[in-house]
Every structure is written in C-alpha cells, then in structure tokens.
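Morning, everyone. I will take a few minutes to walk through one model, starting with its cores and then moving to the domains.

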Amino acid sequence: MSPNPQLFLLLLILSASAFVIGCYRRFSLVALGRPEDRLDAPGTRFARMLRLAFGQQRVLGKPFGMNHFVIFWSFIILAAANAEFVVSGVLPQAGLAALPAPLQHALLFLFDLVSLAALVCVLIAFARRLFFAEPSLSSDYVKARSPEALLILSLIAVLMLAYFGLHAARIMIGMEDPTAMPVSAAIAALMAAPLATDPTAVATWSWWLHALALLSFLAYLPQSKHMHILTAIPNCFFAGLERPNTQPREEFARGMRFGAGRVDEFTWKDLFDSFSCTECGRCQEACPAAATGKSLNPRSIIHALKTNLLANGSSLRAGETPTLPLLANASDTGPGEGSAGDDAIWACTTCGACMNACPVLIEHMPKIVKMRRHLVQMRASFPEELSAFFENVEARSNPWGIAPTERTKWHANLPVRPFEQGKTEYLLYVGCAGAFDARQKQVTVALATILDAAGVSWGTLGKEERCCGDSLRRLGNEFVFDRTARDNVKLLAERGVKKIVTQCPHCFTTLKNDYRQYGMELEVVHHSELLAGLLASGQLELKQRVAQFGTVLFHDSCYLGRHNDVYSAPRQVLATTTGASPAEFVRNAERSFCCGAGGGRMWQEEQEGERINLNRVKEALQQKPDTICVSCPYCLTMMEDGLKDLQGGAVRVKDLAEVVVEGLRA
Amino acid sequence: MLVVVCIKQVPDTTQVQIDPVTNTLVREGIPFIVNPYDTHALEEALRLKDRFGFRVAAISMGPPNAEATLKKALALGVDEAILLSDRAFGGADTLATSRVLSEAIDRLNRQEQVGIVICGKQTIDGDTAQVGPGIATRLGYTQLTLVDRVEKFDPFQGRITVRRKLEGRHETVEAPLPVLLTVVRELNRPRYPTVPMRLESEQATVQVWSNQELQLDQNGIGLKGSPTWVSRIFSPQREKGEIVGDGVADPAGAAHLLVDKLVSRDLLVV
C-alpha cells in the first residue's frame with residue numbers, strides 16, 4: 001500500500017532510532033536515581049492504574065477532562081491503526097487487507113469514527129488554549145512553554161487530517177468501501193468536485209503527510225513533555241501506596257549523605273515522576289503557596305528535576321560533580337530552570353493538595369521534604385526562625401521551649417489520671433499545643449470533660465509526654481525526628497499503650513502513620529472519630545442541642561482530611577450536636593485549602609505574597625458563618641489570626657470539642 | 001594561631017527549682033545546656049576559623065558529664081575539645097575557676113600561640129561575669145568585654161577592633177593581640193550542626209585534663225582556693241497580680257483602668 005516502501009523504511013529506521021535513543025537516554029537517566037521498591041502489593045497497584053490511568057479518574061474531575069479522556073482512548077485505539085499503517089508501509093501485502101472482510105470492515109469503521117472524535121477534541125484543546133485560557137493556562141510558566149503544547153496538538157491534528165485525506169481519496173478511487181468509513185466517505189463526497197481530476201495524487205500526498213506526521217511525532221516524543229504518554233501509565237502503577245505525608249526513613253551512619261542535594265540523590269521513582277509530568281498545572285492550581293503568590297510552584301519543582309537531570313546527566317554518568325546545582329542559594333543570581341529555589345522549598349505547607357490533584361500520581365511533597373532534609377542536615381541552611389524551633393524541640397521537646405514541667409499545667413483544676421497499663425483504655429496524647437498553647441488548652445479541657453461525661457477510660461503520660469516530631473519531620477530535620485520517634489515508640493511500648501486519642505491531626509498522623517515505620521502498630525484515633533463513635537453508640541449523651549454557635553462552617557484540616565481520609569466523622573459530630581449539617585467552604589473535603597501552618601510553616605514568618613490564612617478566612621466569610629469549626633490546633637491559631645486581621649467581627653473559631661462540650665450543659 | 005573558646009555546661013535555668021528546705025538548686029532530672037552566651041562565643045571563634053583557617057580549641061571546666069557540652073562544640077566544628085575535670089577543681093568560685101582555665105590556656109599556648117580567647121559575657125547560673133576578666137588578668141591579655149561586633153581584625157598586624165555594647169551607648173576599641181573577648185548575644189547567630197558533623201562528634205574524643213596535667217597548687221583551686229561562700233539561695237517571692245476591671249464585659253473600661261494604674265505608678269508617661 002506504500003507509495004515507496006524503501007524510502008519509507010529508511011525514514012522509519014531514522015525515526016525509530018531517534019525514538020529509541022531518546023527513550024534510552026531518559027530511562028538510563030532515571031536509573032541514576034537511588035533504589036526504591038515500588039513493586040509491593042501489585043494487585044492494589046494494578047487496580048489503581050486501571051482506575052486512574054485507563055479510567056482517567058482525576059482527569060475527568062476537571063472541565064475539559066472528557067476531552068483528554070477521548071484523546072487518550074483515541075490514541076490507544078489508533079495505535080492499532082498506526083501500527084497497521086507502518087506495517088503496510090513497509091510490507092504492502094500485509095496490513096488490514098490481509099484480514100477477513102468483516103473484521104477489516106469493523107476496524108475501519110472504528111478507526112474512522114475515533115479519528116473524528118480525536119480531531120474534534122484536538123480542535124477543542126486548541127480553542128481552550130488560544131481563546132478560553134483559564135487562569136492556570138495563562139501563567140507565565142504556561143506561556144513560556146505553550147508553543148510545545150501547540151506543536152504537539154498540531155501534529156495530532158495533521159495526523160488525523162491526513163488520515164481522512166488518505167481514506168477519502170481511496171474511497172474516490174474505489175479502493176475502500178465507503179460504507180465502512182462514514183466520515184471519510186463524507187469527506188470524499190466534499191472533495192469529489194474540486195479534486196476529481198486526480199484522487200491518486202491526493203492519496204499519495206495524504207499518505208506521505210500521514211507518514212511524516214507519524215514519524216516526526218515518534219522521533220519528537222521522547223524530547224517533549226508528551227513523553228507522558230509512555231510514562232504516565234506505569235507511573236500510576238509505581239506511585240507510593242503510603243499516605244502522602246509519610247516520608248521514607250533515613251539511616252544515619254558516618255560517611256553518608258542525607259536528603260537530596262543533587263538530582264541523583266533522589267530515587268529512580270522521583271526521577272521517573274519528572275518524565276511523567278505533562279505540566280497540566282493541576283498541582284499549581286491546588287497549591288496554597290502558589291495561590292498566594294509564593295515562589296513555590298509544585299509544577300516547577302518537578303520540571304526543575306527533569307531539566308536538572310537532563311543537564312547533568314552526562315557528568316553524573318561519568319561520575320563527575322554535576323555542573324548545574326539542584327538547589328539555588330538565595331545569594332545566587334536566582335534559580336535557573338533546572339534548580340529549585342530555597343524560598344520555594346521552604347514555602348511548602350505539606351498540605352498534599354498537589355498530590356491529590358495530580359492525575360498521574362506524581363509525588364511532589366516528598367521531593368520537597370528530601371530537599372529540605374539536605375538543606376537542614378547537610379548544610380544547616382534554613383530560615384532563621386527555625387533555629388529557635390529546632391533548639392527548643394531538641395532541648396525541651398516542645399516548639400516554644402517552655403519547661404517540660406509545665407506540660408501538665410492545663411489540668412491544674414481538673415482531676416486527670418496518669419495512664420496505667422491494663423487499667424486505662426485510651427492514652428490521651430495531649431500534644432504540645434494542647435499542653436502549652438493558651439487557646440488550645442481550652443480545647444484540651446473541653447475534650448477531657450467530654451471523655452469523662454462519656455465514661456471513657458483515659459489517662460495521660462503527664463510530664464513524660466514529648467513532642468511527636470511532626471514539624472521536625474516535615475521540615476527535613478529527620479535526624480532529630482528519628483531520635484524523637486525512637487524515644488517515643490520506646491516509651492509508649494514500655495507503658496503498654498494500645499489505644500491513643502489525639503486532638504491534633506499532626507500528632508495523629510505522626511503516631512498513626514510515621515511511627516509505623518518504627519514498628520509501632522497502635523490504634524490511633526483523632527478526637528473527631530472518637531466523638532463520632534461515642535455519639536453514634538449513645539455512650540455520649542448530650543443534654544441539649546447546641547444552638548449558640550449559629551451557622552457553623554467546617555474547615556477540613558489537611559492532615560486529618562487529605563492525609564488520613566477523615567471527612568465524615570467531624571461532620572457527623574456537628575450534625576448530631578447542632579442538629580444541622582455544617583456549612584461548607586467552596587473548597588472543602590479533599591479539595592480543602594490549607595490554613596497555612598502545616599509542614600513547619602507554623603514556626604516561620606510568611607513574608608512573600610498574600611498570607612495563606614487570610615485567603616482561607618476570606619473564603620470562609622463568603623459563607624457568612626457565625627462560627628468556623630476546626631479540628632486542629634494550627635488551624636485554630638491561623639483562623640483566629642486571620643479573623644483578627646480581616647476584622648471578622650463576631651465570627652468565632654471553635655474546635656469540634658468546644659462545640660460538643662456545650663451540649664453537655666443542662 | 002589558636003583561638004580558644006571557654007564554654008560552660010549550665011542547668012537549663014527555666015527548669016531549675018530551689019529546694020525550700022536546703023536552699024540549694026534542685027538539679028535532679030534537670031537537663032543541661034550550653035551556657036547561651038557561650039554559644040555566641042563559639043560561633044565567633046568558628047567564624048574566625050572559616051575566614052582565616054585558625055584552629056579552634058574549646059575548653060570547659062566541669063564534672064565528667066560536661067563532656068556532652070564539648071561534644072556539641074565538636075559537632076559545630078571546633079578542632080580540639082578539652083575538659084578540665086578533677087575532684088580537686090570542685091566547689092570553685094570565679095577566682096579558682098579562672099586560675100584553672102588560665103593555666104589550661106597557657107598550656108595550649110605552649111603548643112600553639114593563642115591569639116584570641118572568647119568567653120560568653122556571663123553564665124546564666126552564676127551571673128557574675130567575672131571569669132572572663134579573671135582569665136584575661138591572669139594571662140595578661142587585653143580584655144574586651146561585652147563585644148557585640150568585631151569591626152576589624154588584622155591577624156598580620158596583630159590588632160583587633162571591636163564594638164562594646166554598654167548601657168545606652170556603644171564604644172569602639174582597638175587592642176593588640178592577644179586579647180580576651182566576652183561577648184553578648186547580639187554578636188552573631190549561632191550555627192546549627194550538620195548531621196555528618198554530629199555523627200563525627202559522637203566518635204570524636206574529648207581530652208580530659210586533671211590537675212595532674214595542670215600541676216596547680218591545691219590551695220589555689222577548688223573549694224580551698226575559693227574565697228567566696230554562698231550563704232543562701234532563695235527564690236524571691238512574687239506578689240500576685242490583680243485583675244483590673246472586666247475585660248470581657250467592658251474592655252474599654254478595663255483598658256482605661258489599666259492605663260490609669262500604669263500612669264499612677266510612673267510606668268507609663270502620657
């Protein structure tokens with residue numbers, strides 16, 4: 001079927017070589033990363049890959065998602081058509097013509113319709129970029145890189161147009177059955193008048209146009225962000241199964257390097273991520289730092305990894321020092337394309353919104369933490385405010401450096417019992433904020449009152465309780481976190497603790513998820529979950545319906561919601577207590593917007609851009625609440641501060657426990 | 001040139017309580033920290049090392065567990081750590097302490113010429129601010145106390161210019177080496193140890209010098225050599241404050257009362 005099999009074969013060899021060399025170059029760069037096992041639980045991984053890659057679950061969650069879904073499936077179906085094109089281009093006797101007529105008919109029919117669908121979707125994609133660009137598509141970042149997207153779209157469009165040109169011409173010549181290809185037949189009818197003279201020439205030209213578009217696409221693919229069509233599907237398979245907040249442990253021994261300060265200090269999966277990114281910008285849109293004008297853009301972090309790897313690949317392979325730094329010091333002229341800036345790295349709240357948004361499960365946050373680990377542990381370089389934080393946690397095991405003897409002051413006027421092995425059911429892990437922060441201490445008292453009213457058997461570790469180490473870990477001070485975690489796991493085991501209730505989602509996630517890496521398997525619940533259970537079982541009986549808080553708007557804590565999937569428990573508690581489901585933010589549940597204090601941001605100044613808590617409080621005030629209900633000490637502080645700054649009037653911030661405790665008053 | 005830093009392990013005073021019966025500090029279970037002013041002294045010595053490549057030695061007089069403090073200094077980058085520890089040194093006041101430290105510095109000076117000795121301005125447990133000047137006097141070094149900035153340092157000319165932070169004013173002074181500086185917190189921001197340095201310091205050894213090495217007269221050191229006797233330690237009784245007005249019901253009224261109160265006590269000038 002090919003006009004010139006020899007010439008086509010030559011071009012095919014050239015194009016395939018470019019493709020193979022391009023892929024080899026990139027995948028061999030991926031192999032420079034550190035080892036990491038991503039093959040455990042293959043069944044779970046496979047099911048997730050089907051759902052997210054083939055089902056396009058996250059892509060479909062956004063406007064124009066359907067457009068991508070159609071292009072994705074068109075590519076898969078037309079891969080068969082293009083394979084046939086290539087085979088018959090080299091071996092004219094092979095190809096569809098060799099198949100039985102009904103099958104040939106069915107396939108041609110399918111290819112014809114799918115090609116039309118793909119063409120329509122590509123045109124929509126063009127229009128979206130050129131005429132209806134949403135904010136995430138009009139950033140400087142996208143503008144700088146949009147020619148690449150348009151080039152790829154053009155290639156696909158040319159491929160489809162050539163396909164129709166070829167088949168319409170063949171129908172005109174009588175080589176193909178018009179009933180099998182309704183779209184091509186319609187085009188043939190349109191072309192009949194102007195091109196009646198020489199349909200064979202049209203067929204030849206279309207064939208070559210199709211061939212060149214296809215071979216160019218093949219050769220260009222590994223060089224472009226369109227590489228994702230090869231890497232995104234396996235990336236969904238290899239993505240981490242751990243909760244996104246749980247970074248891997250580091251081993252500490254002399255002579256080792258810690259964190260990632262060079263691109264080859266990431267794992268192979270980190271590097272594979274960078275080739276799976278198609279720069280769609282969903283992470284950027286979800287990121288609270290990016291939304292408030294900080295230097296951080298999760299998409300740029302991933303892109304920087306890729307360009308850094310490409311720039312340093314040859315020197316790394318030769319065992320030399322990389323030429324382009326991965327981390328740009330503030331004193332440098334500014335981060336180039338292949339470097340991540342310090343400001344960006346410290347701006348992350350580790351809220352996990354980027355990872356929740358990424359359609360191909362790229363892991364942005366662990367990479368940022370790895371770079372923080374390098375900065376803290378290898379260079380002792382971090383924002384000035386963190387000096388005091390690190391010293392305080394290390395010397396006095398709380399962020400403020402308050403004397404540990406004051407840890408029990410919150411219950412000066414309450415009969416609080418120590419946890420006793422075999423006698424006490426729940427350890428109430430008070431947490432640093434619950435024990436030292438004046439405002440959060442009120443929440444602790446409320447929670448203690450509720451637990452007593454429900455007859456729950458609980459106790460505390462008293463002055464022996466220590467910081468859980470959440471902020472240390474998210475800030476990359478893994479060395480001190482490691483010691484903290486070992487000490488805490490040992491203490492909890494010695495005391496025979498089996499069940500823990502926390503009021504802080506950060507203690508909650510650290511004890512529940514992070515400490516599992518230290519062999520601790522305890523039942524850890526957040527107070528929202530415990531209260532929901534106690535209310536549902538009737539063990540906690542309220543004496544009155546709580547009405548004094550008016551319209552209650554519930555703010556999801558990132559570490560409770562997105563990181564641990566606890567969405568319904570606090571809402572159930574509010575519904576039972578107040579008699580009405582809480583009001584919701586526009587960005588709620590898994591799309592909730594961070595308060596700005598996670599990831600150790602609580603202990604740093606926020607000078608760049610708009611303050612994240614103000615952004616969130618403005619969103620809250622749109623819903624005209626009387627009360628903003630939170631379930632986290634950081635959120636409590638950030639919301640209250642935000643309300644003060646914005647003159648929030650009579651709007652109050654209450655923890656869930658403070659709402660429930662009002663229901664106990666007769 | 002050798003730079004010597006004197007550091008002291010002190011109880012974390014925010015956690016210290018006084019036994020009301022014996023009038024002594026209750027030290028059981030109280031963690032020790034590096035005297036905060038000394039961390040600034042250490043930082044300045046390390047900056048001189050970074051700039052000029054000088055060697056830095058940290059010395060400390062104290063019980064054997066003060067080794068932990070010197071390990072911290074090693075983790076930050078000092079080249080040599082020496083613990084001056086002997087039962088004979090125990091119970092020393094500032095005079096006896098400065099004798100031991102001076103002798104140790106003199107001993108170091110015999111191996112490598114000491115150009116600068118840096119101390120914190122005072123310790124947070126004794127608060128005398130006498131040991132630094134005591135060492136300078138005994139060694140015959142120029143003493144530059146309360147330094148908050150090193151203006152100029154020329155090791156080749158052997159001269160240093162520093163700014164002293166005094167009450168309500170600054171004073172810039174110049175002196176020939178060798179000098180002893182006592183430093184205030186404003187001088188610098190102490191660095192944080194890197195993990196490789198911490199791991200190295202865990203393996204590193206701290207030299208221990210007893211009086212066998214220093215050969216000081218027994219009557220001039222320890223309790224015997226200390227003319228100062230502490231007769232009593234006590235916590236001052238703090239009067240309980242009062243609540244002025246009702247800030248919840250009438251915040252403006254409460255603020256008014258508070259201002260009146262402050263003005264009446266000359267704490268606020270309207």
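**Cores and domains**

This is a predicted model. Its largest nonpolar core holds 143 residues, and the members that touch the most other members are A:C354, A:I450, A:L531, A:C629 and A:M639. Helix α18 of chain A, residues 438-453, gives the most to this core, with 7 residues. As background, nonpolar side chains tend to be buried together in soluble globular proteins.

Take one member as an example. Which residues are in contact with A:M639, leaving aside its neighbours within four places in sequence? They are A:H555, A:C595, A:N613, A:V617, A:I628, A:V630 and A:V653.

The C-alpha trace of chain B spans about 70 × 45 × 40 Å along its principal axes. Among chain B contacts between residues at least 6 apart in sequence, 68% join residues at least 24 apart.

Back to chain A. The domain assignment gives domain 1 (5-238), domain 2 (281-377) and domain 3 (386-662). The centres of domain 1 and domain 2 of chain A, taken over C-alpha atoms, are separated by 31 Å. Their contact takes 14 residues from domain 1 and 13 residues from domain 2. On the domain 1 side, α5 (140-173) and α8 (228-238) of chain A each supply at least two residues, and α8(A) gives the most, with 4 residues. By class, that side has 9 nonpolar, 3 polar and 2 charged residues.

Methods: Residues are numbered from 1 along each chain as its sequence is written. Chains are lettered from A and ligands numbered from 1 in the order in which they are written. This is a predicted model: local features need pLDDT of at least 70, side-chain atom pairs count only at pLDDT 80 or more; totals for chains, interfaces and linings use all residues. A nonpolar core is a set of buried Ala, Val, Leu, Ile, Met, Phe, Trp, Tyr and Cys residues joined through C-beta atoms within 7 Å. A residue is buried if 20 or more other C-beta atoms lie within 10 Å of its own, exposed if 12 or fewer, and partly exposed in between; C-beta atoms are placed from the backbone. Two residues are in contact if their C-beta atoms, placed from the backbone, lie within 7 Å. Domain bounds come from an automatic or database domain assignment. Ala, Val, Leu, Ile, Met, Phe, Trp, Tyr, Cys and Pro count as nonpolar, Asp, Glu, Lys and Arg as charged, and the others, Gly among them, as polar.
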